Amino acid sequence: MAGWNADTAAGPLGAGTITLVEGSSFCISSANGDIFPEYPHGVFHEDTRILSRWNLTVNGQPLEPLAAKTKEPYRALFVGRVPRPGGYADSPLIVERLREVGTGILEQITVWNYSPSAAECLIALRVESDFADLFEVKEARAQRRWDETRQLDGDSLSIRASWQDIRKGVVVSAGGADVAHEGPTYRVVVPPHGQWNTVLSVLPTVNSTGPATPFVHPHEDELSPRDRRRQEWVAKIPVLQMGNRSIEQTLRRSYDDLGALRIEDPAHQDRVMVAAGAPWFMTLFGRDSLWASLMALPVDPSLALGTIQTLADRQGAVVDPMSEEEPGKILHEVRLGVSSGLALGGKSAYYGSVDATPLFVALLGEVSRWGFAPDTMAALLPHADRALDWIRDYGDRDGDGFVEYQRLNDRGLINQGWKDSWDGINFADGTLAKPPIALCEVQAYVFSAYMARSWMAYDAGDVALAAECRDRAARLKQRFNEEFWLPDRGYYAVALDGRKQPVDACASNMGQCLLFGLIDEEKAPQVAERLMSPEMFSGWGVRTLASDMGAYNPASYHNGSVWPHDNAIIAAGLLRYGFVEQAQRISTALLEAAEYTEGRLPELFCGFSREHFDEPVPYPTACSPQAWAATTPILLVKSLMGYYPDVALGGLWMDPVLPKSYGDLHITNAPMAGGRITIDISGSAATVQGLPEGMEFRLGTRPWATDLVAQAKLRRKT
């Protein structure tokens, strides 16, 4: 039986939908720019729909859509024409709507008249604001009835609403318009072969009184605040040129989307993080934000640090069964303006994630190697230790050495790993696994967390803690390879269920274990072979579930689909174990798939075979842009470059294995330990210029944390 919020996939947005994002705000509209409350459309700010209807008519007619172009992630141009009465096919009136998203929206409307005669036009906008929270819209479960008042003030319309003790509002500013309670109207005459235009804005109110910071409309030769923010982002990230122009375009699109998905910590506005994705997850997510910022390290390492610091500030402190908060636990998601009670756990922060906590420590270990100030890293170590305490005291309640999950109330997620749909974990025959569930990849994250903390402890001279974490990791690896390995199948179980029985479905989860070094060397070839088998590899990527499993469905969310981020992690893991050709096949397939979506990989696509469909089949409700999909091309190319620094060890390592079809790679302005470096790769040859003082370029593989811990142990023995 499906439980509360069981379907973690978003609902359908409708054909031709355009999504714009900027920070924690986003806009979803139809192809002609209109917004309808009966669809999951709207302008959203801090998880509240501040605009639920925005319908433009000219002489009583809605616009017939002609084209819609996303110019930047936060700006789009909609072009439509006004239907002509009397059955005429063509119309002389063309309307452009240039929309920009920020705290609200700014919209410039231009009417072009291609007739030799002047055109009288009644231009009207119908406006509604239902102030539904994101979950109400996403799940089509809006139930509240707000007490609404509308106030006219010159050329502005204020809509205010109250529900219980909550007050919200929005201000529509329409210079030169006749403003009524339904919205602004303009009565204009557009000259022959001429144009007319106006600018409107919609902004939320602050404390239900005055509007937020005005949405300034810059002059033609000026940049908007969104453009300035983007320009600052472009100035600080790498500039790349690649022989394969399609891959270059995909990487640049990834950079652009990553820039738009950045959000600020309200308590520390100098601290920037990564939101999980549009449209429904424009907020901090533990697992998603950690993974995306890890994958984005070569582009902007500060995103990973900001994400870790913000999650550390919100680390669990008490036991709360409703929100599933526990001491030391890292949250699953934060919701800023949700007030309907539909949020997971019923509160603004929900902690029902089994993997965010070990990932937090693992990412801290990797970030510590990118050259941040020692005192900055030292301040985070107590949070890492609290996270390890959670793993021991709450994550492994039965003391068997594995971290499991079981939701604490019926308003939480049933499955609490990255495959968090209600039916995401199942046996080979399709039977659902019953909790407590120990996922294979979660054990890999825990192993990596122990190893990362062990090395950081050795580095700080805390030999006792280093040895404790090292020994815990060693025991976990041994037990994992005993309990999860299915020798008669030649692959690892996706999980152990509540009876400690292996959940024997062949799933992609085991591929993530490769990246963290949890898999025994002698078993890795069978894992690689199974991942690249026809049942698992669709030709566009590795499926989440093999096609010969009972629950397989190529058009499901987690049972046969292809997730780009999952594949990028698997490819990096294959390279760790020396499976170069397999990693190249996965990378090339995904980058070719991106060509069908203008360089932007979606959250997921269907798992149909490439032989069956010669282009990737979209998953209807996939988020786009989505953070770990946007960072997938970055991780793919970084992995094939073998690009890993360790500033404390004084080195930048590269071991390039880029396929010939990618061409030569030239990167400038790449961030490295407070400086900027230039990278050139041609075939297996690489050169680096501009390394900070004390760092050397080394061709080869950077030591993993497991290697460093082993070396430190040997040094102590000698």
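Strand β11 (residues 119–128) and strand β16 (residues 183–190) run antiparallel and are joined by six bridges. Strands here are DSSP runs of E with at least two residues, helices are runs of H or I with at least four, and both are numbered from the N terminus. Two strands pair if DSSP finds at least two bridges between them. Before going further, keep in mind that this is a predicted model: local features need pLDDT of at least 70, side-chain atom pairs count only at pLDDT 80 or more, and totals for chains, interfaces and linings use all residues. Residues are numbered from 1 along each chain as its sequence is written, and side-chain values use heavy atoms, with hydrogens and water left out.

Zoom out from that pair and you get an open sheet of five strands, ordered β6-β5-β11-β16-β15 and paired antiparallel. β6 (61–62) and β15 (178–180) are at the edges with a single partner strand each, so one side of each has no neighbour in the sheet.

There's another open sheet, made of four strands in the order β1-β2-β3-β4, again with antiparallel pairing. Its edge strands, β1 (18–22) and β4 (48–51), each pair on one side only. From one strand to the next, the twist averages 25°. Five bridges hold β1 to strand β2 (residues 25–29), and these two run antiparallel; within that pairing, I18 has S29 of β2 as its bridge partner.

Now for the helices. Two packed helices are described by the angle between their axes and the distance between the axes. The axes are lines fitted to C-alpha atoms, for helices over the stretch in contact, with angles from 0 to 180 degrees between N-to-C directions. Take helix α7 (residues 374–395) and helix α8 (residues 440–460): their axes come within 11 Å and cross at roughly 140°. That makes α7 and α8 oblique to each other, the label left over once under 35 degrees is called roughly parallel, over 145 roughly antiparallel and 65 to 115 roughly perpendicular. The crossing of α7 past α8 is left-handed, meaning the near helix is turned anticlockwise from the far one by less than a right angle; clockwise would be right-handed. On the α7 side, L381, A384, D385, L388 and I391 meet V446, A449, Y450, R453 and M456 of α8, where contact means heavy atoms within 4.5 Å. Sorted by class, this contact has eight nonpolar, no polar and two charged residues. Ala, Val, Leu, Ile, Met, Phe, Trp, Tyr, Cys and Pro count as nonpolar, Asp, Glu, Lys and Arg as charged, and the others, Gly among them, as polar.

Helix α5 (residues 301–313) and helix α6 (residues 356–367) also cross at roughly 140°, with axes coming within 10 Å. Here A304, I308, L311 and A312 of α5 meet F360, L363, L364 and V367 of α6, which divides into eight nonpolar, no polar and no charged residues.

With helix α2 (residues 225–236) and helix α3 (residues 245–260), the axes come within 10 Å and cross at roughly 125°, and the crossing is right-handed. R229, R230 and W233 in α2 meet Y255, D256, L258 and G259 in α3, giving three nonpolar, one polar and three charged residues.
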